[in-house]
Amino acid sequence: GSNRPTSLEGPPALAGDAAACLPLGVPEVDERLGGGLMLGALHEASVRGPRGEGALMAFGLAVAARAGRQLRRPVLVVQQDLAMLEAGTLYGPGLAARGLPEARLVLERVR
């Protein structure tokens, strides 16, 4: 049996299934990505320069919130303690306003 709450479970995304892609909502980008980011895959993003961590975190959270809504599953965020100092802490009301309510967020802070 699964330990996940049944209210958050959605149908599994299968390879080749339209549900296996997460459209980002920018037609040119989605087309270039073959419909969007592949779900169930690892993606990496980075910034140039020393001050882009906050913007990168916001982008990652926006993508994760979109995926969580599409799949009806919670979002896991793992944040290193030093990164928290550099990029800032998460603000619950702001996350909820952007589609990631606290009830759907699992936050793990690590050293």
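Modeller: On a 1 Å grid over the protein atoms alone, a pocket is an open set of points with protein on both sides within 12 Å along at least five of seven lines, and its lining residues have an atom within 4 Å of a point. Grid points are joined across faces, edges and corners, and a volume is the space filled by probe spheres set on the points. Rolling a probe the size of a water molecule over the atoms shows where empty space is left. This is a predicted model, in which local features need pLDDT of at least 70 and side-chain atom pairs count only at pLDDT 80 or more, while totals for chains, interfaces and linings use all residues. Residues are numbered from 1 along each chain as its sequence is written, and side-chain values use heavy atoms, with hydrogens and water left out.

Colleague: What volume does the largest pocket have, and which residues are closest to its centre?
Modeller: The largest pocket holds about 1,000 Å³ of space, and among its 32 lining residues H43, G60, V63, A64 and L76 are the closest to the centre. Two or more lining residues come from each of β2 (37-38), α2 (53-71), β3 (75-80) and α3 (81-87), where helices (H or I, at least four residues) and strands (E, at least two) are DSSP runs numbered from the N terminus. The largest share, 11 residues, is given by α2.

Colleague: How many of the residues in that lining are nonpolar, polar and charged?
Modeller: By the classes used here, Ala, Val, Leu, Ile, Met, Phe, Trp, Tyr, Cys and Pro are nonpolar, Asp, Glu, Lys and Arg are charged, and the others, Gly among them, are polar. The lining of the largest pocket then divides into 23 nonpolar, six polar and three charged residues.

Colleague: Which elements line the second largest pocket?
Modeller: The second largest pocket, of about 260 Å³, is lined by 16 residues, of which M57, A58, L61, L90 and L95 are the closest to its centre. The elements that give two or more residues to this lining are α2 and α4 (92-97), and α2 supplies the largest share, seven residues.

Colleague: Is Q79 buried or exposed?
Modeller: Buried means under 20% relative accessible area, exposed over 50%, and partly exposed in between, with a 1.4 Å probe and protein chains only. Q79, in strand β3, is buried because its relative accessible area is 4%. Leaving aside neighbours within four places in sequence, Q79 is in contact (heavy atoms within 4.5 Å) with M57, M84, G88, E108, R109 and V110.

Technical notes: On a 1 Å grid over the protein atoms alone, a cavity is a set of points where a 1.4 Å probe fits but cannot get out, and a pocket is an open set with protein on both sides within 12 Å along at least five of seven lines; lining residues have an atom within 4 Å of a point.
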